[in-house]
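Please examine the sequence and the structure before reading on.

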Amino acid sequence: MNKIEVSAYDIAQRFVGTKEVLGATSNPQVLAMLRLDESSAIDDAVPWCSAFINYVAWLLRLPRSKSLLARSWLTVGEVISLEEAEPGFDVAIFKRGSGKQPGPEVIDAPGHVGFFAGIDGQKILVLGGNQANCVSISTQQKADLLGVRRLA
């Protein structure tokens, strides 16, 4: 019997296109992601990039941050360099917002997290949630990278 191996990235790809619902209603799938670690979440209008990564990690029984803070992923998994990063295995954590942002030693600050999907020049491709209010592949600046973590 052949053993089928599925990566976190493989599972995350299945959610591409999942998006927030505008207005008073919410996408039940996004709410389920949020409520896995924050039972008081009432709508999908809150940042949910970390909720998405936690949800996929939970589905695969991988280590997870159990927090809605994107930078909480800096405390999970094995620290690896960007050069070692592989799609399917690694999570990339970034600064978010304008102005001077603190470094990786500050967890409770604006951030973004997603599954590493590759490098394109000075940009890092990321498969994540809450990217233009949906699960998609987007780019982040290399200069905003706080760290890369291997979950398995």
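A salt bridge is here a side-chain nitrogen of Lys or Arg within 4 Å of a carboxyl oxygen of Asp or Glu. The model is predicted.

Q: How many salt bridges does a search of the whole structure find?
A: The search covers the whole structure and applies the 4 Å limit between side-chain nitrogen and carboxyl oxygen. The number of salt bridges found is three.

Q: Which residue forms a salt bridge with aspartate 37?
A: Aspartate 37 belongs to helix H2 (residues 28-37), and its partner lies in the loop between helix H3 (49-59) and S1, so the contact ties together parts that are 27 residues apart in sequence. The closest N and O atoms of the pair are 2.8 Å apart. The partner is arginine 64.

Q: Is arginine 64 buried or exposed?
A: A residue counts as buried under 20% relative accessible area. Arginine 64 has 18% relative accessibility, so it falls under that cut-off. Aspartate 37, its salt-bridge partner, also has a value of 18%. Arginine 64 is therefore classed as buried.

Q: Where does arginine 150 lie, the residue that meets aspartate 90 in a salt bridge?
A: The N-to-O distance between aspartate 90 and arginine 150 is 2.7 Å. Aspartate 90 lies in strand S2, and the pair ties together parts that are 60 residues apart in sequence. Both residues are buried. Arginine 150 lies in strand S6.

Q: What is the accessibility class of glutamate 86?
A: Buried means under 20% relative accessible area and exposed means over 50%, with partly exposed in between. Glutamate 86 has a value of 37%, whereas arginine 150 has 17% and counts as buried. Glutamate 86 is therefore partly exposed.

Q: Why is strand S6 largely enclosed by the rest of the structure?
A: Strand S6 spans residues 145-150. S6 runs antiparallel to strand S1 (residues 78-80), with three bridges, and antiparallel to strand S2 (residues 90-95), with five bridges. S6 is largely enclosed because five of its six residues are buried.

Q: What is the bridge partner of isoleucine 93 in S6?
A: Five bridges join S2 to S6. For isoleucine 93, the bridge partner in S6 is glycine 147.

Note on methods. Residues numbered from 1 in each chain as written. Predicted model: local features only at pLDDT ≥ 70, side-chain atom pairs only at ≥ 80, totals over all residues. Heavy atoms only, no water. Buried < 20%, exposed > 50% of the residue type's maximum accessible area, 1.4 Å probe, protein only. Helix = DSSP H or I, 4+ residues; strand = E, 2+ residues; numbered from the N terminus. Pairing = 2+ DSSP bridges.
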